[in-house]
Amino acid sequence: MPYPSPLRIPSGPRRRTLLASAAGAALLAGCTSGADSGGDPSATERARAQAAADSATLLGRYDAVLTAFPDLAERLRPLRTEVAAHAAAFREGTTPTAAPSGSPSASPAPVPVPATSKDALASLAAAERALADRRAKALLDVPGESARLLAATAAAGAAHAYLLTTGAAK
């Protein structure tokens, strides 16, 4: 008589949950107008500039971890590449002088890197998760394409956090 296989409870969200969340966020954002014509254009530009600065800060965190732990390069490079693409996408359509009040200066202080690679990955995951949460909230205040971009990058950040915590980002 074969033994039944033990129940395995996943430690994090399932792939379907992440995809459904991303699809739901995209549908929510898709309910706005096709262009960023509605709403306050300066508020939209400020939100995009803040999102670009946030992505640049996150990119700096990835770079600091990669410098401290070069053995993580294979695992982190794809995620870092996406974060760099997010920063570029948010900068597109903003003026170079559009810096939101309270944003970090041009040369932010270096971020301390945890002592172990496991802690460094956990720190990156926490930063990705926090940024995804902020973007999910911010998308409600901007119209059209900016909301869609915030929704897509929030979903990507949530997926990055999951991959960083499960060891599946290889």
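## Packing of α3 against α4

The crossing of helices α3 and α4 is left-handed. In this predicted model, the two axes approach within 13 Å, at a crossing angle of roughly 30°. Angles under 35 degrees count as roughly parallel, and α3 and α4 are therefore described as roughly parallel to each other.

On the α3 side, the contact is formed by Arg75, Leu76, Val83, His86 and Phe90, which meet Leu121, Leu124, Glu128 and Arg135 of α4. By residue class, this contact comprises 5 nonpolar, 1 polar and 3 charged residues.

## Helix α3

Helix α3 covers residues 73–91. Its 19 residues extend 26 Å from the first C-alpha to the last, close to the 27 Å expected at 1.5 Å a residue.

The buried residues of α3 are Ala73, Arg75, Leu76, Leu79, Val83, His86, Ala87 and Phe90. An α-helix has 3.6 residues a turn, so residues three or four places apart point the same way.

## Arg135 in helix α4

Arg135 belongs to helix α4, which spans residues 117–138. Its relative accessibility is 4%, and Arg135 therefore counts as buried, the cut-off for burial being under 20%.

Beyond its neighbours within four places in sequence, Arg135 is in contact with Ala51, Asp54, Ser55, His86, Phe90, Leu150, Thr153 and Ala154.

Note on methods
Residues are numbered from 1 along each chain as its sequence is written. This is a predicted model: local features need pLDDT of at least 70, side-chain atom pairs count only at pLDDT 80 or more; totals for chains, interfaces and linings use all residues. Side-chain values use heavy atoms; hydrogens and water are left out. Helices (H or I, at least four residues) and strands (E, at least two) are DSSP runs, numbered from the N terminus. Buried means under 20% relative accessible area, exposed over 50%, partly exposed in between (1.4 Å probe, protein chains only). Contact means heavy atoms within 4.5 Å. Axes are lines fitted to C-alpha atoms, for helices over the stretch in contact, and angles run from 0 to 180 degrees between N-to-C directions. Angles under 35 degrees count as roughly parallel, over 145 as roughly antiparallel, 65 to 115 as roughly perpendicular and the rest as oblique. A crossing is left-handed if the near helix is turned anticlockwise from the far one by less than a right angle, and right-handed if clockwise. Ala, Val, Leu, Ile, Met, Phe, Trp, Tyr, Cys and Pro count as nonpolar, Asp, Glu, Lys and Arg as charged, and the others, Gly among them, as polar. The expected span of a helix is 1.5 Å times one less than its number of residues.
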